[in-house]
Amino acid sequence: MDRDTFSNSRRARHFGRSTQNFQNFLNQQNFGKLDNSVNRRNLRDIYLNETHGSSGNNEFGKEALNHFFGSSIPFFNSLSPYTVQPPMTPPFHLDEASPVASDLALHLAGLGFDENSSSHSTNSSRNMSASCQLEQKYMRINRMSSLPTWALDENREIRGDLSLKKVVDEGLVLMFSMDKSGCHFLQSNYYGENTQKVDPQVREKISREVLGNREVFLTICKNIFGNFFLQRVIEYSNPVEQEIIKRYIISDITALCLDKSACRVVQTALEKLEPRYTDAIVGAIPRKNRLMAICTDQNANHVIQKVIKKMPLAKWEFLITYLCKNDHDNMLDICQDKYGCRVVQTIVEVLSVEHIIKTDEEDRSRALRRLMNKILSKCQKLASNEFANYVIQHIIETPGVLSSYRDAIIETCLLRNLLSMSQEKYASHVVERAFCFAPPAHVAEMMEEIFDGYVPHPDTGKDALDILIFHQFGNYVVQRMLQICVNAVLGKRETIINGVNCRDKFEGWLSKLYVRARKERARLTRFSSGKKILEILESMESEYNFTPINTYDCAPFSPLPQDVLNSLCPTSALFSPSNTTSIDWPSRTNSFSSEQHVDYEYNFNNFTKF
């Protein structure tokens with residue numbers, strides 16, 4: 001490196017430090033976001049642009065920001081607004097000539113809620129570029145707001161002798177609600193065990209400041225600290241205040257659901273408000289394209305789950321209708337999403353719970369049948385997806401109402417596909433759960449398919465067990481099969497199938513695994529998964545006598561005679577390539593179960609077991 005180049009490099013490093021922090025802030029805007037969430041962010045941004053792009057709901061411009069920092073109003077020297085709202089409408093239950101109303105108007109003017117400041121800030125923000133907005137956000141995040149000095153002690157904490165009346169008389173309720181310490185102070189003094197002596201007029205003033213204006217309410221909802229105080233207000237609200245809260249939430253329901261802080265307020269409202277108000281909030285949730293953005297959003301999905309858990313089926317049955325549409329793959333799109341899969345799983349949980357009240361049992365069974373028909377039609381894709389496989393696992397492992405659907409999934413999706421699905425990263429988990437929770441007849445049928453259901457490869461002579469025992473995902477299925485056989489032989493698992501004790505079948509499969517492990521012991525010891533298989537078998541030798549050992553009097557895990565190995569298991573060399581699937585292995589036609597396979601055609605109406 002020549003001297004000029006070195007100097008320029010050092011100069012760049014030196015003078016580049018002034019802009020390095022801000023540039024890192026710009027780069028961190030997309031930090032940690034996965035590619036599979038791009039569609040979800042686009043849906044969210046489209047809605048916000050459509051509904052708020054022209055309403056002045058943008059960040060302050062440079063002029064508004066300078067005006068904000070230079071404000072002569074003490075209250076707003078420490079309160080940083082997050083959005084510029086439309087012009088303020090007079091409080092519907094306040095007298096505009098009253099002192100409280102005038103103080104509130106003064107505070108709203110500083111926030112930019114009055115006509116003059118709103119128009120000024122809106123015109124300024126419309127001309128801002130994206131970089132200016134990020135710069136203002138960077139300045140706002142790094143700006144430390146503080147409460148008045150008279151409200152703090154020497155440790156910068158809320159004074160112990162500070163009263164709620166003092167805060168209300170000074171008109172600092174909004175400021176305290178948006179500060180971390182101030183929010184804790186308001187929550188502990190608004191309602192609680194030690195607040196019975198608080199003057200009711202003080203609470204009335206607080207209610208007027210918080211609920212007197214829609215824009216103030218929405219701003220507190222979206223504040224990282226204010227939302228907690230607002231939840232306490234909703235929890236102890238009277239019917240008149242609940243009507244106001246319901247009206248404000250409905251006015252911007254989708255944006256509140258998508259917001260990280262405001263979604264908590266909506267959930268509290270759904271839980272604490274009277275049924276007539278919660279019904280109105282649920283009725284305001286979009287039913288068309290925006291419902292996809294809500295179900296797949298990291299914040300809004302919690303609101304949908306709260307609706308499903310707290311509301312009767314008739315209020316959220318539109319979700320099932322949306323999922324089961326035939327002209328769109330809404331079910332597949334939502335199940336394959338990181339957050340949407342939890343919504344579907346919650347629906348299955350709620351519909352599968354046996355309630356004491358039997359009045360809506362028929363409606364719940366009908367809704368569950370519709371949902372499961374749609375899931376079965378996409379079972380292969382769902383089982384192989386990173387997130388959707390959890391929906392299939394939940395159905396398989398849940399007893400009771402879902403037992404018949406579990407059997408249908410095993411028979412229509414897993415059987416005759418076990419080899420290929422066991423080699424997939426996510427589908428192998430589904431196969432494991434099926435081995436754990438399937439009834440004995442289906443467990444035996446799956447065992448039969450793995451051990452004898454595939455013809456050995458004509459060139460290498462390797463069977464399905466050779467592939468799975470050394471496969472990076474399939475070995476977990478083999479470990480599960482081994483554990484099931486061990487529990488069945490030791491009497492820890494049911495082995496009666498159709499009235500016949502099939503313990504000898506499980507003993508035969510355990511012996512095959514034992515012989516195969518002894519033959520491949522040198523290779524198994526090189527892998528952690530192989531060591532686990534050997535540990536299970538070695539622990540069994542003290543409790544169970546394997547036939548090959550008793551017959552030929554061989555030491556534990558010592559080489560068996562070649563003729564014994566050939567008679568007990570096929571000759572195997574190296575495991576087959578990872579791209580080998582069940583296509584190369586013809587499936588068996590006989591079934592271990594006495595029941596014949598039924599072609600459900602993804603329709604449960606003709607399934608007599610239901």
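This is a friendly chat about a few spots in a predicted model.

Reader: Hi! Let's start with cavities. How many cavities of 30 Å³ or more are there?
Author: Hello! The count comes to 2 cavities of 30 Å³ or more.

Reader: What volume does the second largest cavity have?
Author: The volume of the second largest cavity is about 40 Å³.

Reader: And which residues line the second largest cavity?
Author: Its lining is made of Cys295, Leu319, Tyr322, Leu323, Ile334, Val343 and Ile347. Sorted by kind, the lining has 7 nonpolar residues, no polar ones and no charged ones.

Reader: Which helix gives the largest share of the lining of the second largest cavity?
Author: That is α20, with 3 residues. Both α20 (313-323) and α22 (340-352) supply at least two residues each to this lining.

Reader: Okay, on to helix α19. Why is helix α19 described as largely enclosed by the rest of the structure?
Author: Because 8 of the 11 residues of α19, which spans residues 300-310, are buried. The buried ones are Ala300, Asn301, Val303, Ile304, Gln305, Lys306, Val307 and Ile308.

Reader: What covers the buried residues of α19?
Author: The cover includes α15 (253-258), α16 (262-272), α17 (275-283), α18 (289-295), α20 and α22.

Reader: Nice. Now something charged: how many salt bridges does the structure hold?
Author: There are 25 salt bridges in the structure. As background, side chains of opposite charge can pair when their charged atoms come close.

Reader: Which residue forms a salt bridge with Asp452?
Author: Lys512 does, and the closest N and O atoms of the two are 3.2 Å apart. Asp452 sits in helix α29 (residues 440-452) and Lys512 in helix α32 (residues 503-519), so this pair ties together parts that are 60 residues apart in sequence.

Reader: What about Arg342, which residue does it form a salt bridge with?
Author: Arg342 pairs with Glu349, where the closest N and O atoms are 3.4 Å apart. Arg342 counts as partly exposed at 29% relative accessibility, and Glu349 is partly exposed too, at 24%.

Reader: And the salt bridge of Arg523 and Glu520: how far is it from N to O?
Author: Those side chains meet at 3.5 Å, N to O. Here Arg523 counts as buried, at 12% relative accessibility, and Glu520 counts as buried at 6%. Elsewhere, salt bridges that share partners join Lys165, Asp169 and Lys205 into one network.

Reader: Let's switch to loops. Where does Gln423 lie?
Author: Gln423 is in the loop between α27 (418-422) and α28 (427-437). Gln423 is buried, with a relative accessible area of 10%.

Reader: What does the side chain of Gln423 reach?
Author: It reaches the backbone oxygen of Leu419, at 3.0 Å.

Reader: What separates the C-alpha atoms of Leu152 and Leu162?
Author: A distance of 8.8 Å, with the two residues 10 apart along the chain.

Technical notes: Residues are numbered from 1 along each chain as its sequence is written. This is a predicted model: local features need pLDDT of at least 70, side-chain atom pairs count only at pLDDT 80 or more; totals for chains, interfaces and linings use all residues. Side-chain values use heavy atoms; hydrogens and water are left out. Helices (H or I, at least four residues) and strands (E, at least two) are DSSP runs, numbered from the N terminus. Buried means under 20% relative accessible area, exposed over 50%, partly exposed in between (1.4 Å probe, protein chains only). A polar contact is a pair of N or O atoms within 3.5 Å; within protein, one must be able to donate a hydrogen and the other to accept it, and residues adjacent in sequence count only if both atoms are side-chain atoms. On a 1 Å grid over the protein atoms alone, a cavity is a set of points where a 1.4 Å probe fits but cannot get out, and a pocket is an open set with protein on both sides within 12 Å along at least five of seven lines; lining residues have an atom within 4 Å of a point. Grid points are joined across faces, edges and corners, and a volume is the space filled by probe spheres set on the points. Ala, Val, Leu, Ile, Met, Phe, Trp, Tyr, Cys and Pro count as nonpolar, Asp, Glu, Lys and Arg as charged, and the others, Gly among them, as polar. Contact means heavy atoms within 4.5 Å. A salt bridge is a side-chain nitrogen of Lys or Arg within 4 Å of a carboxyl oxygen of Asp or Glu.
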